[in-house]
Amino acid sequence: MKQYDVIVVGAGVVGPTIATALARQGRKVLILERDWSKPDRIVGELMQPGGVKALKELGMVQAINNIEAIDCTGYFIKYYDEEVVIEYPLKETANTTNPVVPIWDVVDEKNDKLLPDSTIDTRVWDEDEHVRGVGFHHGDFLMNLRKICRDEPNIDWVEATVTKILRDPEDQSIVTGVKAKQGDETFEYSAKLTICCDGIYSKFRKELSPANVPTIGSYFVGLHLKNAKLPANNKGHVLLGDHAPVLMYQISPGETRMLCAYRSLKAPSAAKNEVYDYLAKYVLPVVPKETLPSFKEALESKKFRIMPNQYLSAMKQGKADHQGFILLGDSLNMRHPLTGGGMTVGLNDSVLLAKLLHPRFVEDLGDHQLISKRLNKFHRKRKNLDAVINTLSIALYSLFAADKHSLKILQLGCFRYFQRGGSCVSGPIGLLSGMLPFPMLLFNHFFSVAFYSIYLNFINRGPLGFPLALFEAFEVLFTAIVIFTPYLWNELV
């Protein structure tokens with residue numbers, strides 16, 4: 001049996017990045033994936049600037065090239081008949097608060113630069129005062145990541161389904177490798193460290209605890225719009241109103257992804273026309289007029305994709321009963337996809353873990369006591385970004401999908417807060433983009449929105465409505481506390 005330093009389970013977005021980083025540090029790595037062909041998914045199609053930054057730090061930013069990716073420079077938010085455009089943070093701010101710090105021995109001058117291609121003009125990227133995100137086909141981006149990974153000389157890759165995590169017969173607390181099935185044959189692979197990146201439907205996250213399972217809070221219905229005209233070029237679009245939020249963003253020159261939130265713990269049935277009826281009744285009336293022809297065409301095609309919106313806070317790793325085993329990516333941690341922060345968190349986790357396990361700190365990956373200490377540091381250092389992205393995703397969805405009066409007051413206050421401009425915009429978009437990973441900044445802006453919402457409600461009610469506005473003020477403040485503080489506390493503590 002061939003002995004590896006690291007086994008990586010899963011070749012989604014996170015698996016190839018951590019495998020590549022560790023291999024470039026001199027580790028012998030095996031990566032196993034059930035299916036290496038191009039996937040067709042509607043998640044992981046919008047990458048925030050924080051994710052682009054992480055790719056640069058991994059020396060894998062060229063995975064964005066040659067897939068007809070579309071620049072994203074910020075957001076267009078439509079609230080009923082009002083609109084506001086928000087730009088991503090200034091580079092000057094981002095470089096001060098969250099600069100690019102490449103991983104030693106992993107990044108060089110050949111792999112840390114984005115290259116010009118048919119849709120990406122690097123001159124425009126370089127001259128822009130603001131950081132940028134990017135939209136793309138998930139499958140094309142993933143195949144680029146996989147190619148970079150498979151081209152590494154220190155990586156062996158195998159197409160197989162991992163069926164079991166193997167443990168030392170004499171000490172069940174130590175993970176020694178995996179059992180995998182290829183066709184009718186079963187193989188065992190051994191390594192000092194096993195990193196599990198098997199995604200949202202992970203079957204190995206329960207290795208840490210039987211209670212380590214995600215919760216489903218709502219669903220997204222996905223549509224594929226062809227040749228759609230959007231109100232603002234190179235922007236992510238958010239449509240707000242009485243309906244649940246609707247997202248739109250380009251993923252290629254002629255294709256736009258549309259995600260329509262569906263407020264329910266049960267998925268709508270496409271077979272019973274529930275999806276069609278919902279989109280026709282609630283989404284069709286709010287679609288911008290220039291986008292309407294493409295939306296109607298997609299609606300009539302009835303080609304809908306439904307995905308659950310799941311939440312899972314990260315469990316602390318490195319405990320004595322799980323030595324030699326690490327969860328990473330969506331198998332470790334999930335959040336509502338409204339903010340498009342999943343890849344940003346996962347890629348930054350890869351960067352952080354690769355830095356902490358660098359040979360200058362950990363010579364032997366079989367040193368479980370040292371690995372445990374490094375994982376404690378990993379869990380502590382990842383909290384800033386993780387807490388911001390995860391909590392913000394839940395808080396914004398609660399406001400944008402407002403289904404009761406107090407949340408409607410907060411929703412209006414949030415939009416008016418954005419209209420103020422200045423720090424009322426630069427702070428929230430910096431948090432959303434992953435460039436300002438500061439939980440207390442999030443706390444400050446969220447409750448600034450809450451109090452501003454209360455202030456506006458007093459004005460709207462007028463002198464005669466003061467008693468009702470006072471009652472609503474307590475209701476709004478209580479609602480803000482309930483939907484925000486438990487999640488932030490859970491992520492931080």
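Helices (H or I, at least four residues) and strands (E, at least two) are DSSP runs, numbered from the N terminus. Keep that in mind for the views below, which come from a predicted model where local features need pLDDT of at least 70, side-chain atom pairs count only at pLDDT 80 or more, and totals for chains, interfaces and linings use all residues. Residues are numbered from 1 along each chain as its sequence is written, and side-chain values use heavy atoms, with hydrogens and water left out.

View 1. Among the buried residues of helix 1 are V14, P16, L22 and R24.

View 2. An unreviewed UniProt entry carries the annotation "domain: FAD dependent oxidoreductase" for residues 5-35. UniProt positions are given in the numbering used here, feature names are shortened, and annotations may be inferred rather than shown by experiment. Over residues 5-35, the chain is 35% helix and 32% strand. The end C-alpha atoms of this stretch are 23 Å apart.

**View 3. M258 in the largest nonpolar core.** In soluble globular proteins, nonpolar side chains tend to be buried together. A nonpolar core is a set of buried Ala, Val, Leu, Ile, Met, Phe, Trp, Tyr and Cys residues joined through side-chain atoms within 4.5 Å. The largest one here has 82 residues, and I77, L223, M258, L279 and V283 touch the most other members. There is also a second, separate core of 76 residues, which includes A21, V52, A63 and I195. Back at M258, which residues does it touch, not counting those up to four places away in sequence? Its partners include V221, L223, V246, M248, V287 and F295, where contact means heavy atoms within 4.5 Å.

View 4. G340 sits in the loop between strand 17 (325-327) and helix 8 (342-356). With 16% relative accessibility, G340 counts as buried. G340 and G44 are 296 residues apart along the chain, yet their C-alpha atoms are separated by 7.5 Å. Setting aside neighbours within four places in sequence, G340 is in contact with L46 and Q48.

View 5. Side chains of opposite charge can pair when their charged atoms come close. A salt bridge is a side-chain nitrogen of Lys or Arg within 4 Å of a carboxyl oxygen of Asp or Glu, and the whole structure has 24 of them. In the one between E45 and R257, the closest N and O atoms are 2.8 Å apart. E45 lies in the loop between strand 2 (29-33) and strand 3 (46-47), while R257 is in strand 15 (residues 255-262), so the pair ties together parts 212 residues apart in sequence. Are these two buried or exposed? E45 is buried, at 2% relative accessible area, and R257 also counts as buried, at 7%.

View 6. E57 pairs with K53, their closest N and O atoms being 3.1 Å apart. These two are four residues apart in helix 2 (residues 49-58), so about one helical turn separates them. E207 pairs with R167 at 2.9 Å between the closest N and O atoms. That pair links distant parts of the chain, 40 residues apart: E207 is in the loop between strand 11 (185-196) and strand 12 (215-226), and R167 is in strand 9 (residues 161-168). E207 is partly exposed at 24% relative accessibility, whereas R167 is buried at 18%. Elsewhere, K2, K28 and D156 are linked in a network of salt bridges.

**View 7. Two asparagines with positive phi.** N66 isn't a glycine, but it has a positive phi of about 60 degrees. You'll find N66 in the loop between helix 2 and strand 4 (70-72), exposed at 64% relative accessible area. N234 has a positive phi too, near 55 degrees. The loop between strand 12 and strand 13 (236-240) holds N234, which counts as partly exposed at 31%.

Conventions. Buried means under 20% relative accessible area, exposed over 50%, partly exposed in between (1.4 Å probe, protein chains only).
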